[in-house]
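Student: I would like to go through this structure slowly and ask, for each label, what it rests on. Could we begin once the sequence and the structure are in view?

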Amino acid sequence: MNGHTMELRDIEIFLTLAEQLHFSRTAERLHVTQARVSQAIRKQERAIGARLFERTSRAVTLTPIGRQLRDDLLPGYQQIQAAIDRASTAGKGITGLLRVGFSAAWSGNLVARAAEVFQSRHRDCEVQIQEIPLQDRFGLLRSRELDLQLTELPADEPDITTGPVIFTEPRALVIPAGHPFAGRDNVSLEDLAHAPLITIKGPPRYWLDVHFPQHTPTGRPIPQGPATVAWQEVLSLVSAGRGVSPTSARAAQYYARPDLAYVPLRDAPPIEFGLLWLTAAETPKLRAFVKLLLTVGQ
């Protein structure tokens with residue numbers, strides 16, 4: 001180019017016009033005036049000493065020299081844009097590894113969908129997902145083995161932030177298939193006074209009170225059955241007739257078994273599934289994933 005240089009903006013104008021072949025559409029795309037587009041092209045043509053476009057009243061076409069210039073410039077320009085995008089992503093801290101936990105199969109499906117979208121938008125970031133142990137609600141956050149988790153609320157912990165509720169689920173009772181409740185359309189929280197409740201070992205008492213209450217709403221004691229640390233064990237204990245257990249209504253789709261029945265709990269408040277993270281470990285990357293999960297979870 002005889003020692004002449006082209007500014008990056010002028011290259012962008014040239015390549016956009018080479019793609020659009022229309023002055024006003026190019027101006028619109030780049031948020032500049034049509035006069036600015038014409039001026040940039042004239043300047044380039046003067047510097048090169050040849051026409052880059054043929055203009056008639058009906059059409060704009062590339063000349064052979066224009067086509068050659070487009071083919072030579074495009075790969076380098078795309079590389080520059082990709083480098084700027086990567087730097088911008090890195091500047092926002094959206095690189096490296098993000099580890100997200102979940103507690104129920106349906107939460108895991110949602111997190112996996114969000115992870116796929118997130119990685120496609122942030123190429124330098126990998127999202128790993130894993131199930132959290134039923135009995136240890138916050139251990140992996142505290143040991144920094146997880147950055148974020150989507151689990152059943154509440155979480156009343158001084159070092160943990162409770163983020164937005166992503167979705168809610170109606171409750172049901174899982175019972176043995178031959179249980180007297182099995183023929184009903186639904187059951188009430190008051191009915192829990194008549195069946196031992198299989199519970200979970202490990203979670204804090206305030207959490208257990210929400211999910212595995214010790215009393216009915218009118219104050220009658222709910223008999224406490226065996227406590228375990230794994231969901232499959234809960235199902236086995238129910239099947240063996242050792243008691244019943246509250247769960248999400250959606251568990252009927254995910255854990256259907258001929259020896260079990262799921263009956264809706266008509267007067268129980270819904271289960272809230274929300275996001276939790278260690279307050280001291282909040283990052284822009286985490287905030288970006290939370291924002292995305294809110295849209296995917298709709």
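Student: Which helices and strands each supply at least two residues of the lining of the largest pocket?

Tutor: This is a predicted model, and in it the elements that each supply at least two lining residues are α5, α7 (205-211), α8 (231-239), β10 (245-248) and β12 (271-278). The largest share, three residues, comes from β10.

Student: What makes a residue part of that lining, and which residues lie nearest the centre of the largest pocket?

Tutor: A residue counts as lining if it has an atom within 4 Å of a point of the pocket. The lining of the largest pocket consists of 24 residues, and Ser103, Leu134, Glu152, Trp231 and Thr247 are the ones nearest its centre. The space in this pocket comes to about 440 Å³, and by class its lining has 15 nonpolar, five polar and four charged residues.

Student: Why is Lys291 called exposed?

Tutor: Exposed means over 50% relative accessible area, and Lys291, at 64% relative accessibility, is above that cut-off and therefore counts as exposed. Lys291 belongs to helix α10 (residues 284-296), and its C-alpha atom is separated by 17 Å from that of Ala281, ten residues apart along the chain. For the protein taken as a whole, 44% of the 298 residues count as buried, a label that requires under 20% relative accessible area.

Student: How do you know that strand β3 pairs with strand β4 and with strand β5?

Tutor: Pairing requires at least two bridges between the strands. As examples of partners, Leu97 is bridged to Glu126 in β4, while Gly101 stands opposite Gln149 in β5.

Student: What makes the unit of β3, helix α5 and β4 right-handed?

Tutor: The label is given if, with the strands pointing away from the viewer, the path from the first strand over the helix to the second runs clockwise. The β-α-β unit made by β3, helix α5 (residues 105-121) and β4 is right-handed, so its path over α5 runs clockwise in that view.

Student: How does the radius of gyration of the protein stand against that of a compact globule?

Tutor: A compact globule of 298 residues would have a radius of gyration near 19 Å, whereas the protein has 30 Å. The C-alpha trace spans about 95 × 40 × 30 Å along its principal axes.

Notes. Residues are numbered from 1 along each chain as its sequence is written. This is a predicted model: local features need pLDDT of at least 70, side-chain atom pairs count only at pLDDT 80 or more; totals for chains, interfaces and linings use all residues. Side-chain values use heavy atoms; hydrogens and water are left out. Helices (H or I, at least four residues) and strands (E, at least two) are DSSP runs, numbered from the N terminus. On a 1 Å grid over the protein atoms alone, a cavity is a set of points where a 1.4 Å probe fits but cannot get out, and a pocket is an open set with protein on both sides within 12 Å along at least five of seven lines; lining residues have an atom within 4 Å of a point. Grid points are joined across faces, edges and corners, and a volume is the space filled by probe spheres set on the points. Ala, Val, Leu, Ile, Met, Phe, Trp, Tyr, Cys and Pro count as nonpolar, Asp, Glu, Lys and Arg as charged, and the others, Gly among them, as polar. The radius of gyration is taken over C-alpha atoms; the globule rule is 2.2 Å times the number of residues to the power 0.38. Buried means under 20% relative accessible area, exposed over 50%, partly exposed in between (1.4 Å probe, protein chains only).
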